[in-house]
Amino acid sequence: MSLSTLTKPWEAMNYGFLDASAKRELRRKMLKAVAVPGCQMPYASREVPMARGWGTGGLQVSLTLINPQTRVKVIDQGADDSVNAASIRRFLARVSGAPTTMDTLEADLIQSRHRVPEEIMREDQVLVLQVPNPEPLRPVQPNMSIARQMHADADYGRMWLQLYEQILRSGRVMQGASYPSLVNGRHVMTPSPIPRWDVPKLNMAKHLTILSAGREKRIHAVPPFTRVEPLVFDDVPYRVEDHGGLTCIRSGATGFFMNEIPQEDGTSAYEISDSEFGVKTIRAAEGEDIRFGDTWYKDGEMPQ
Amino acid sequence: MTRVLDIQGLTKGFTMHHLGNRLAAFDNISFSLEAGEFLLLKGTNGAGKSTLLRTIYRSYLPQSGKVLFQSDQGEIDLARAADIDITHLRRTEIGFVTQFLTARPRVSAEALVAEPLRMAGQSAEDALQEARRWLAAFGVKPDLWRAYPTTFSGGEQQKVNLARALILPQKLLLLDEPTASLDATARAALVARLAELKASGTAMIGVFHHPDDVAHLIDRVIDLTPDAPKPEEREDVAV
Amino acid sequence: MTLQLDAPRLVKTRPLVTVRNVSKCYGDVVALNDVSASVYPGEVLGIVGESGSGKSTLLRMMNLEETPDRGSYTLDLPDVQGNLFDLDRFARRMLCATKIGIVYQNPHLGLLMKHSSSGNVAERLLVAGERSFATLRQKAKVALEASEFPLERLDAPPIELSGGMQQRVQLAKAIALEPALLLLDEPTTGLDVSVQAMVLDTLKHLQQERAITMVIVSHDLGVIRTMADRVMVMRRGEVVEQGLADQTFQDPQHAYTQQLVHAKL
């Protein structure tokens with residue numbers, strides 16, 4: 001027996017880039033986050049070869065969860081082919097040997113910036129959302145120590161007051177993205193800056209959602225089959241973006257969340273935000289045999 | 001007859017801390033009062049007539065002695081009773097009539113007068129009816145009934161005040177020169193009301209500058225002038 | 001020197017507020033030394049004293065913002081038990097929100113200056129769990145109306161309002177949930193005399209309409225005289241004298257109270 005038989009051969013870096021202790025910490029914090037849905041868990045966010053604010057939180061979670069069999073999909077505002085999404089996807093594949101995909105149905109792990117795919121996710125899939133600011137109370141309470149106490153006390157009066165003020169001033173709730181939502185009837189979380197369109201998808205979803213903020217060093221989670229209720233007044237219903245009737249100019253898909261493309265004549269054209277869904281629609285129209293998953297929204301409406 | 005008040009060795013003086021001295025008001029006063037009795041306090045200026053009334057009412061704290069009052073709930077020493085008991089008695093059994101009205105913001109004259117009845121449990125409408133009757137009796141013009149007495153002249157305020165103070169028959173009534181500067185109508189109404197209350201058993205202690213108005217009501221006189229003869233027992237005396 | 005009075009015999013109701021033997025030191029400074037007080041339902045207790053006498057500290061304790069070194073505090077309400085100083089933060093917050101209202105001298109302490117006035121009032125209702133926008137607005141309106149706030153300025157932020165109006169918003173917020181106890185900390189200090197009179201007028205009116213139990217702290221004897229049924233005079237963290245308001249002002253016993261009363265213009 002010699003030292004070399006007891007140790008692994010030297011490698012340029014650890015499997016999945018992060019060292020074992022970093023992954024262990026992340027696993028523990030993810031478990032905690034799952035155990036207390038919506039509650040922010042602090043963690044020691046490590047350095048990754050990417051600037052803070054570009055998805056380092058999501059990346060660390062993905063690196064921890066990944067194994068050589070995990071099929072990875074990465075989207076940025078719905079698109080698989082943006083520079084940021086492509087870079088992260090390639091990085092994940094390179095450090096773990098994991099296969100990649102663009103199809104929501106094929107993915108095991110989806111790291112996303114600010115969107116939830118249009119096709120319904122399954123029990124065996126994990127959604128990792130990148131979070132710039134995990135604290136929903138920050139606009140009403142700049143002191144984070146007090147904000148933590150407020151979470152502990154479920155003291156969300158100020159949060160509601162903010163909505164009251166918005167309705168008063170503008171006649172409706174102006175919060176576009178990061179709509180504060182009550183998780184499991186207890187903690188208010190920010191669902192990361194996903195559009196209002198996507199928030200109902202998290203409610204009683206089959207998949208696990210992990211939300212991670214690398215710069216702010218916080219993780220929170222929405223476990224499968226957990227209530228996620230946007231904060232709304234009883235008599236002012238929650239409204240998603242008015243995209244139900246819009247048609248994508250490139251794929252012809254209708255009834256999904258769209259990106260607005262301003263035209264030179266002052267009008268707007270619309271393009272489906274979930275780019276791979278658009279691609280699948282085009283390929284199906286061209287006669288290819290494409291398998292579509294069930295979608296959360298049908299004809300622009302979310303059932304129930 | 002039923003005893004209402006029994007005052008034993010009541011002494012009041014004022015300690016003036018900044019002058020470092022004590023000012024005696026009256027010393028070792030004792031007398032008692034039966035239901036329906038009218039007692040006149042007389043004495044020279046500064047003899048302590050008003051002070052005695054206020055001491056009984058507990059606006060002044062006596063230094064020693066007892067003021068035993070037969071309340072509906074039993075005997076209580078007003079000199080030592082808890083503040084909250086005094087507040088309660090002032091609302092229910094002991095009245096104090098002065099010339100001055102404590103008008104309250106945005107409470108109409110009739111509501112102000114009706115208040116003692118309402119607090120005693122009468123319906124709002126009945127109380128208001130009765131209040132209007134008394135305002136009329138004291139000569140307050142009907143167009144003033146619903147106005148706020150804060151804006152009234154001194155004389156009108158005084159009438160409202162009397163109506164309020166006398167509307168509810170009480171066990172003990174302390175009168176501190178209520179007739180001063182009253183016009184003839186109001187004075188007549190006051191005297192009539194006092195006679196009525198007396199007949200119904202209210203015991204009264206009064207200080208009057210001109211006791212002639214109430215002369216026929218007076219049962220007894222106590223002279224508080226220092227070195228005056230001790231309170232004399234006189235039946236049916238007119239002064 | 002003050003005559004020891006008997007315990008209440010005729011009045012059988014228990015005090016709503018009972019503070020017993022409260023002491024508090026900040027370092028070497030004695031803020032409160034063995035202070036006891038009780039307030040009966042519907043009664044207005046006035047606390048006078050110069051700055052540093054401990055009157056505001058006592059009021060803040062009644063609002064559970066501070067905990068004394070020693071002493072107890074009870075409220076005689078159906079669902080409130082035990083020494084309130086022993087409550088945890090959560091229970092304190094809920095109790096303060098639903099049972100106690102407070103108006104501070106400085107509106108910045110009680111209001112969000114840049115939110116709407118109606119929103120400031122609505123916050124109390126939101127804490128209590130009201131979730132209908134229309135109801136919130138209606139109830140905020142009712143509370144603001146009761147504190148005689150001009151309804152055309154319903155949604156103006158307090159920062160744009162005059163001092164007197166800001167106090168009315170605070171008052172509306174304080175009474176929105178119909179608290180059992182209303183605490184007033186120098187509610188009119190710093191206002192113009194005429195505005196002060198109008199605010200006091202509103203308070204007095206409200207007290208008579210709703211028979212709210214109040215504790216009012218002021219260094220201004222005029223304010224206390226107008227408002228209080230009973231007065232407590234404090235000096236250097238101790239109660240030097242207490243009694244019926246008319247008695248305390250007409251026949252002050254303690255040298256300090258006499259000085260205060262005589263110093264009044």
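## Parallel sheet of chain B

In chain B, 5 strands make up an open sheet with parallel pairing, arranged in the order 6-7-8-3-9. The edges are taken by strand 6 (94–97) and strand 9 (220–223) of chain B; each has a single partner strand, so one side of each is left without a neighbour in the sheet. On average, neighbouring strands of this sheet are turned by 15° against each other, direction ignored. The model described here is a predicted one.

Within this sheet, strand 7 (residues 172–176) and strand 8 (residues 203–207) of chain B run parallel and are joined by 5 bridges. One residue pair can be named: L173(B) has M204(B), in strand 8 of chain B, as its bridge partner. Helix 1 (residues 49–57) of chain B packs on the sheet, where it touches strand 3 (38–42), strand 6, strand 7 and strand 8 of chain B. The direction of helix 1 makes about 150° with that of strand 7 of chain B.

## Antiparallel sheet of chain C

Strands of a sheet pair through backbone hydrogen bonds, and the pairing is either parallel or antiparallel. In chain C, an open sheet of 3 strands has the order 2-1-4 and antiparallel pairing. Strand 2 (29–39) and strand 4 (70–75) of chain C are the edge strands, each pairing on one side only.

Strand 1 (residues 17–26) of chain C pairs with strand 4 of chain C over 5 bridges, in the antiparallel sense. Here T18(C) stands opposite T74(C), a residue of strand 4 of chain C.

## Domains of chain A

Chain A is assigned domain 1, covering 20–230, and domain 2, covering 241–304. Taken over C-alpha atoms, the centres of domain 1 and domain 2 of chain A are separated by 24 Å.

The two domains touch: 19 residues of domain 1 of chain A are in contact with 16 residues of domain 2 of chain A. On the domain 1 side, the residues that touch domain 2 of chain A comprise 8 nonpolar, 3 polar and 8 charged residues.

## Contacts between chains

There are 2 pairs of chains in contact, and of these, chains B and C share the most contacts. Chain A and chain B do not touch, and 34 Å lies between their nearest C-alpha atoms.

Technical notes. Residues numbered from 1 in each chain as written. Chains lettered and ligands numbered in written order. Predicted model: local features only at pLDDT ≥ 70, side-chain atom pairs only at ≥ 80, totals over all residues. Pairing = 2+ DSSP bridges. Helix = DSSP H or I, 4+ residues; strand = E, 2+ residues; numbered from the N terminus. Axes fitted to C-alpha atoms, helices over the stretch in contact; angles between N-to-C directions. Contact = placed C-beta atoms within 7 Å. Domains from an automatic or database assignment. Nonpolar A, V, L, I, M, F, W, Y, C, P; charged D, E, K, R; others polar.
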